[in-house]
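Please open the model in your viewer and keep the selection panel at hand. The stops below go from one selection to the next.

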Amino acid sequence: MTAVTDTSHHEDHHHGPAKGLMRWVLTTNHKDIGSMYLWFSFAMFLTGGAMAMVIRAELFQPGLQIIEPAFFNQMTTMHGLIMVFGAVMPAFVGLANWMIPMMIGAPDMALPRMNNWSFWILPFAALMLISTLFMEGGGPNFGWTFYAPLSTDFSPPSTTFFIFAIHMLGISSIMGAINIIATILNLRAPGMTMMKMPLFVWTWLITAYLLIAVMPVLAGAVTMMLMDIHFGTSFFNAGGGGDPVLFQHIFWFFGHPEVYIMILPSFGIVSAILPTFARKPLFGYTSMVYAVASIAFLSFIVWAHHMFTVGIPLVGELFFMYATMLIAVPTGVKVFNWVSTMFRGSMTFETPMLFSIAFVVLFTIGGFSGLMLSIAPADFQYHDTYFVVAHFHYVLVPGAIFAIFAAAYYWLPKWTGHMYDETLGKTHFWLSFIGMNLTFFPMHFIGLAGMPRRIPDYALQFADFNMIASIGGFMFGATQFLFLFIVIKCIRGGEKVGDNPWETDGLEWSVPSPAPYHTFTTPPDVK
């Protein structure tokens with residue numbers, strides 16, 4: 001088997017029209033497409049990160065230093081949009097493309113041509129989004145949540161292009177999700193029942209349903225914006241009988257499930273890595289599956305906790321407060337299971353394990369500050385302060401980004417056939433860990449002290465913590481070039497590894513490393 005599959009690996013690279021560049025443009029191979037998603041996402045991560053560096057440089061000390069307030073607003077807006085739609089989501093889709101077929105024993109994704117299309121939409125959508133910065137009046141300046149009527153009545157002309165970019169990104173997400181669902185439901189190997197699937201597959205199946213449910217809602221919101229701007233409607237304009245708060249309801253009905261779309265695949269990744277390095281099975285597999293499903297369901301009925309300050313009725317405040325607190329229950333189940341998996345295991349601390357443990361600890365901190373924000377009367381104080389920024393960055397940086405790093409280190413030997421440099425990997429982890437905490441932990445303090453979000457200047461009493469946050473931010477940002485170096489070094493060579501470098505069980509490790517070009521096909525000369 002090994003010899004046969006290895007032949008296909010070498011044969012297919014020189015077979016048919018798929019030579020050189022065209023191989024990447026026309027490929028329907030899930031591994032090629034997974035790799036392109038991952039490289040695209042890393043490019044967007046550096047782009048969005050550069051914008052964060054601009055923000056932190058401006059906030060290094062009080063007073064206006066390097067940029068105009070209008071450009072500062074464009075940076076905060078684009079940083080959020082690019083990190084969400086350009087970095088985190090495509091990275092998870094790339095991991096899904098690479099790993100799900102191998103994890104369930106499928107030859108490829110169910111809809112390979114659509115897979116190609118859903119990727120190639122992305123670079124063009126991203127370029128359109130970034131190009132708005134160079135248009136007359138500048139790029140989007142209304143925050144990544146683009147609240148109307150600010151985004152409709154007072155926005156730059158580039159808003160129309162921003163809306164089109166969001167539509168394209170949404171179309172890509174929906175097609176990717178359909179493909180993942182079709183693959184998981186139809187292409188599992190004989191004997192692989194649903195409750196035998198790896199948790200990464202489960203989390204992605206549930207994530208895909210979330211995507212299909214909420215991306216059309218986002219499309220509806222931006223379409224209504226488009227009509228308010230160009231076609232004389234008044235969906236969000238009170239002067240024409242519309243309602244600005246309607247926009248917030250529609251946006252957050254998309255936006256809250258969206259933040260779970262950005263965390264659920266992480267749960268699957270960490271649930272694969274912790275058992276490997278603790279050398280014992282995952283504690284409570286079934287409860288993990290039900291917990292993920294519960295979190296996904298509850299994510300649809302908590303959206304107005306983002307809107308406690310708009311003046312919703314008391315009964316609404318109570319409902320959304322209790323429903324939000326309820327999410328802490330299945331999340332607590334998952335954290336308990338991860339800790340129990342590690343408990344009395346024969347743990348070793350390779351780079352994927354370090355990122356996974358940091359994920360559990362720091363994501364829990366983010367969960368606790370989220371619980372604080374769910375308390376309606378307290379939220380009146382926290383709302384729109386840096387405390388909220390601290391909260392969601394503690395969920396998204398250790399929650400999404402660290403899990404993506406963990407996955408990359410964990411599966412790089414599988415993808416390349418080479419082991420990455422462990423010393424450099426650990427260095428990348430510790431610099432990222434320290435930089436991340438240095439950046440975002442002080443934001444809890446300045447937020448509770450009353451510093452508002454999204455401002456280019458601030459009062460003197462916030463200066464010290466902001467300087468610490470900026471230093472941490474530059475440290476975290478610079479460290480990511482080390483990650484790029486580690487990955488390229490690993491691809492180009494390094495210690496050769498066997499088929500199962502971590503000695504774990506799972507279908508994806510039964511294919512030779514590096515995984516052959518088509519996982520289970522016969523080579524052309526045998527056909």
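The largest cavity holds about 100 Å³ of space, where a cavity is a set of points, on a 1 Å grid over the protein atoms alone, at which a 1.4 Å probe fits but cannot get out, and where a volume is the space filled by probe spheres set on points joined across faces, edges and corners. This is a predicted model, in which local features need pLDDT of at least 70 and side-chain atom pairs count only at pLDDT 80 or more, while totals for chains, interfaces and linings use all residues. Residues are numbered from 1 along each chain as its sequence is written, and side-chain values use heavy atoms, with hydrogens and water left out.

To display this cavity, select Tyr37, Phe85, Met89, Pro90, Val93, Leu122, Leu169, Ser172, Ser173, Gly176 and Ala177, which line it; lining residues have an atom within 4 Å of a point. The helix α7 (159-186) gives the largest share of this lining, five residues (helices are DSSP runs of H or I, at least four residues, numbered from the N terminus).

Next, select Met44, Leu81, Ile82, Phe85, Gly86, Ala126, Leu129 and Leu169, the lining of the second largest cavity, which holds about 40 Å³. Here α4 gives the most, with four residues. By class, this lining has seven nonpolar residues, one polar and no charged, with Ala, Val, Leu, Ile, Met, Phe, Trp, Tyr, Cys and Pro counted as nonpolar, Asp, Glu, Lys and Arg as charged, and the others, Gly among them, as polar.

Now move to threonine 132, in the loop between α5 (112-131) and α6 (150-153). Is this threonine 132 buried or exposed? Threonine 132 counts as buried because its relative accessibility is 0%, the limit for buried being under 20% relative accessible area with a 1.4 Å probe and protein chains only. A polar atom of its side chain lies 2.5 Å from the backbone oxygen of leucine 129. Beyond its neighbours within four places in sequence, threonine 132 is in contact (heavy atoms within 4.5 Å) with residues including Met78, Gly138, Pro140 and Phe161.

Finally, turn to the second largest pocket, with about 800 Å³ of space; a pocket is an open set with protein on both sides within 12 Å along at least five of seven lines. Select Ser35, Trp39, Trp98, Trp415 and Ile491, the closest to its centre of the 35 residues that line this pocket. The largest share of the lining, nine residues, comes from α3.

Definitions and conventions
Helix = DSSP H or I, 4+ residues; strand = E, 2+ residues; numbered from the N terminus. Buried < 20%, exposed > 50% of the residue type's maximum accessible area, 1.4 Å probe, protein only. Polar contact = N/O pair within 3.5 Å; in protein donor to acceptor, adjacent residues only side chain to side chain.
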